[in-house]
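Reader: Hello! I am new to reading protein models. Could you walk me through this one?

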Amino acid sequence: MKFYILLLLSAGFLLINQTLFAQTTIAPLTSTEKKQVIDSTCHLIKALYVFPETGSRLAIYIANKASSGGYTGVSDPNALADSLTADLVQFSKDRHFRIFYDPAWVSDSKASVSHADSLALRSKRAEKYRAVNYGFKEISNLDGNIGYLKLTNFADPLVAGLTAVAAMNALSNSDALIIDIRGNSGGFSTSVSLIASYLFDDDQDFSLAYVPGAKMPRIPVYLLIDHFTYSAAEGFSQLLKIHKRATLIGETTGGAAHGIERKAISDRFYINMPFSRPTPDWEGTGIEPDIKVEASKAYNTALVSALQDLSKTHPEKSPEYQWLMEDVQAQQIPVLVNTSVLKNFVGTYGNRQLFIADGKLFFHREGDQKYALAPLGQDLFRFVDTDDIRLKFISDQGKITTLKILYKDGSSKIVLKNK
């Protein structure tokens, strides 16, 4: 696995940086510094870019544009960084190319001499992700004992390792697992290896020989992806797809495959330099999902898939899974029942009354409160405030004659409609 770093920073982090820059007077570019930035960029591209021939042509393109006055009118450092970035990406079609104006980053990097310095600097740079729990946004246990992990980035295990271990162990008792990396912009391949190691039984060349806690090598895994899944998050997707360890659900990923190094190109600028590529290389094309749906529908699609698969492997729990599946499917495609149809259900069933108010069907048992009902089908309803009981209406020769009360444990009760 190659080293990846975040392709895109969060909107909040960008806003913080912009605010800080706005409060600090930025010295304009000198012609000497501009030349240094451009010359260093061209040199590094020729020396390190993952595709040497493209790198040579790209360096010539940037140098020629500079010599013909293409950057002459640019005096703001951020504007130069943006202009060079746009040219690099447009020419190479490589979305990992980026020039940054960041004097603090360059200064810290130059001051980092020893191995201890490097570790301290990594910790310092990763500290900003502590406020977002290092990307572990949501860890929960869904109905049906389905684990759910919302992961917004693959943070450096140097600082995020304990959180990652705790998260994966919290999910280890799940019967199935949904990992949601929609919008995940990437991170560290070492984090990819750490998290993936919990999903495989044996030590592989892409996983760690040991991880603390329990692994989950045999439960079904569903990975949610979209157009904003990038870089290391795509590496994670590709890894699970190649080894048939997960069902990918959603949209084709962003297509940012190449590993990068960050290199200083002056005292105030650095470059994200793509220097390595995975096999197969998905740069510009992305990772295709196994089940292609709109990103907004990926979660419910995964839930239905998980419940269907669990019904096959745990037949003794099939009624429970079917119960949950009906609810999820109704959320995917809301069921609409016309008022004219609802009127057929109105009446008294033993000591229970069904009536319509404000266009909705209500249930009232003598001595109890009134409950609003929501349709799961044309003759199947759930209680809005609880999902432990459902009502199924049974007809005979076109007339409703029976109310079947269904319970979550699979049992039921028949009540005839009063005449």
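Reader: What makes two strands a pair?

Author: Two strands pair if DSSP finds at least two bridges between them. The strands themselves are DSSP runs (E, at least two residues), while helices are runs of H or I with at least four; both are numbered from the N terminus.

Reader: In what order do the strands of the open sheet come?

Author: The order is 2-3-4-5-6-9, so read it as a row by the pairing rule of at least two bridges. These 6 strands form an open sheet with mixed pairing. Strand 2 (136–142) and strand 9 (291–292) are the edge strands, each pairing on one side only. Helix 9 (residues 231–242) packs on this sheet and touches strand 4, strand 5 (221–225) and strand 6 (247–250). Contact here means heavy atoms within 4.5 Å. The direction of helix 9 makes about 145° with that of strand 5; axes are lines fitted to C-alpha atoms, for helices over the stretch in contact, and angles run from 0 to 180 degrees between N-to-C directions.

Reader: And how do strand 12 and strand 13 run?

Author: Strand 12 (residues 360–365) and strand 13 (residues 370–375) run antiparallel, joined by 3 bridges. F363 has Y371 as its bridge partner in strand 13. The hairpin of these two strands has 4 residues between them, and G367 takes a positive phi near 85° there. Strand 13 is also joined by 3 bridges to strand 14 (residues 380–383), again antiparallel. In strand 14, F381 is the bridge partner of P375, and a hairpin of 4 residues joins strand 13 to strand 14.

Reader: Which backbone angles deserve a second look?

Author: Most residues other than glycine have a negative phi, and most peptide bonds are trans, so look for departures from that. Here K93, which is not a glycine, has a positive phi of about 60°. K93 sits in the loop between helix 4 (77–92) and strand 1 (98–101). D358 also has a positive phi, near 55°, and lies in the loop between strand 11 (352–357) and strand 12. For the peptide bond, T279 and P280 are joined in the cis form, with omega about 0°. P280 is in the loop between strand 8 (269–276) and strand 9.

Reader: Is K93 buried or exposed?

Author: K93 counts as exposed because its relative accessibility is 57%. The scale is this: buried means under 20% relative accessible area, exposed over 50%, and partly exposed in between (1.4 Å probe, protein chains only). D358, at 79%, is exposed too.

Reader: How many salt bridges does the structure hold?

Author: Side chains of opposite charge can pair when their charged atoms come close. The structure holds 16 salt bridges, each a side-chain nitrogen of Lys or Arg within 4 Å of a carboxyl oxygen of Asp or Glu. One of them joins D175 and K317, whose closest N and O atoms are 3.8 Å apart. This pair links parts of the chain 142 residues apart: D175 is in the loop between helix 7 (157–170) and strand 4, and K317 in the loop between helix 10 (298–313) and helix 11 (318–332). D175 is buried at 19%, whereas K317 is partly exposed at 32%.

Reader: Which residues share partners in one network?

Author: D387 forms a salt bridge with R382, with closest N and O atoms 3.8 Å apart, and both residues are buried. Salt bridges that share partners join E326, D327, R382, D387 and R390 into one network.

Reader: Where should I be careful?

Author: Where pLDDT is low, the predicted coordinates should not be read in detail. pLDDT is the predictor's confidence in each residue, from 0 to 100. The protein averages 90, and 94% of the residues score at least 70. Over residues 1–23, though, the pLDDT is below 50.

Key
Residues are numbered from 1 along each chain as its sequence is written. This is a predicted model: local features need pLDDT of at least 70, side-chain atom pairs count only at pLDDT 80 or more; totals for chains, interfaces and linings use all residues. Side-chain values use heavy atoms; hydrogens and water are left out.
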